[in-house]
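Hi,

Here is the structure I said I would pass on. Could you look it over alongside my notes below?

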Amino acid sequence: DVTEIEEKEAQAKQEEQIMKEQELSNLLHEKRYLKALGLAISLDRPHTVLTVVKAILKEPEGRRHLEENIARLRRDQKEAVLAFLVTWNTNSRNCHEAQAVMETLLRHEAPDSLLQFSGIKSAVESLLPYT
């Protein structure tokens, strides 16, 4: 019977998730946005990534800080942010943040590099009607 082992694993995962949520909250409070972005992306939390982006843009010189943070993300993290911003762009409340992130990606990534992103074709097709 593996039920007890599975329950312990599920409980451990839940505890780890709660710890990561708390860490994310602390990072936002401490304005450590790069780590907060990375953690939110790793947790696959598009809304939390959006919250971090909004917090960055509210700072003085927010655009510059956003560019610095987005530019320092790994390629797989940038791909995830691109997928998230496609969804954000369809909502008028979040489209400005999506456009800011998209502008940053377009400025800091070479066209050849962007073409290598997974899902770039569908992302562009989805962004065009709303941009």
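A word on naming before anything else: helices are DSSP runs of H or I with at least four residues, and they are numbered from the N terminus. Keep in mind too that this is a predicted model.

Along the principal axes, the C-alpha atoms fill a box of roughly 55 × 35 × 25 Å.

UniProt has an unreviewed entry that lists residues 21-131 as "domain: U3 small nucleolar RNA-associated protein 13 C-terminal". In the model, that span is 76% helix and 0% strand, and its end C-alpha atoms lie 32 Å apart.

E61 sits in the loop between helix 3 and helix 4 and has a positive phi of about 55°, although it is not a glycine. K31 is in the loop between helix 1 (3-29) and helix 2 (33-42); its phi is positive as well, at about 60°, and K31 is not a glycine either.

Now for the packing around helix 3. Two packed helices are described by the angle between their axes and the distance between the axes, so I looked at both for each pair.

How do the axes of helix 3 and helix 4 cross? The axes of helix 3 and helix 4 (residues 62-71) come within 6 Å and cross at roughly 135°. Angles over 145 degrees would count as roughly antiparallel, so this pair is oblique. On the helix 3 side, V53, I56 and L57 make the contact, meeting G62, R63, H65, L66 and N69 of helix 4. By class, those residues are 4 nonpolar, 3 polar and 1 charged.

Helix 5 (residues 75-89) is the other partner. Its axis and that of helix 3 (residues 46-58) come within 10 Å and cross at roughly 85°, which makes helix 3 and helix 5 roughly perpendicular to each other. Here P46, V49, L50 and V53 from helix 3 meet V81, F84 and W88 from helix 5. The contact has 7 nonpolar residues, with no polar and no charged ones. V53 turns up here and also in the contact with helix 4.

Last, the pockets. What lines the largest pocket? L82, M102, L105, L106, L114, I120, V124, L127, L128 and T131 do. Helix 6 (95-108) and helix 8 (120-127) are the elements that give two or more residues to that lining. The lining divides into 9 nonpolar residues and 1 polar, with no charged residues, and the space in the largest pocket is about 170 Å³.

That's everything from my side.

Cheers

Definitions and conventions. Residues are numbered from 1 along each chain as its sequence is written. This is a predicted model: local features need pLDDT of at least 70, side-chain atom pairs count only at pLDDT 80 or more; totals for chains, interfaces and linings use all residues. Side-chain values use heavy atoms; hydrogens and water are left out. On a 1 Å grid over the protein atoms alone, a cavity is a set of points where a 1.4 Å probe fits but cannot get out, and a pocket is an open set with protein on both sides within 12 Å along at least five of seven lines; lining residues have an atom within 4 Å of a point. Grid points are joined across faces, edges and corners, and a volume is the space filled by probe spheres set on the points. Ala, Val, Leu, Ile, Met, Phe, Trp, Tyr, Cys and Pro count as nonpolar, Asp, Glu, Lys and Arg as charged, and the others, Gly among them, as polar. Axes are lines fitted to C-alpha atoms, for helices over the stretch in contact, and angles run from 0 to 180 degrees between N-to-C directions. Angles under 35 degrees count as roughly parallel, over 145 as roughly antiparallel, 65 to 115 as roughly perpendicular and the rest as oblique. Contact means heavy atoms within 4.5 Å. UniProt positions are given in the numbering used here, feature names are shortened, and annotations may be inferred rather than shown by experiment.
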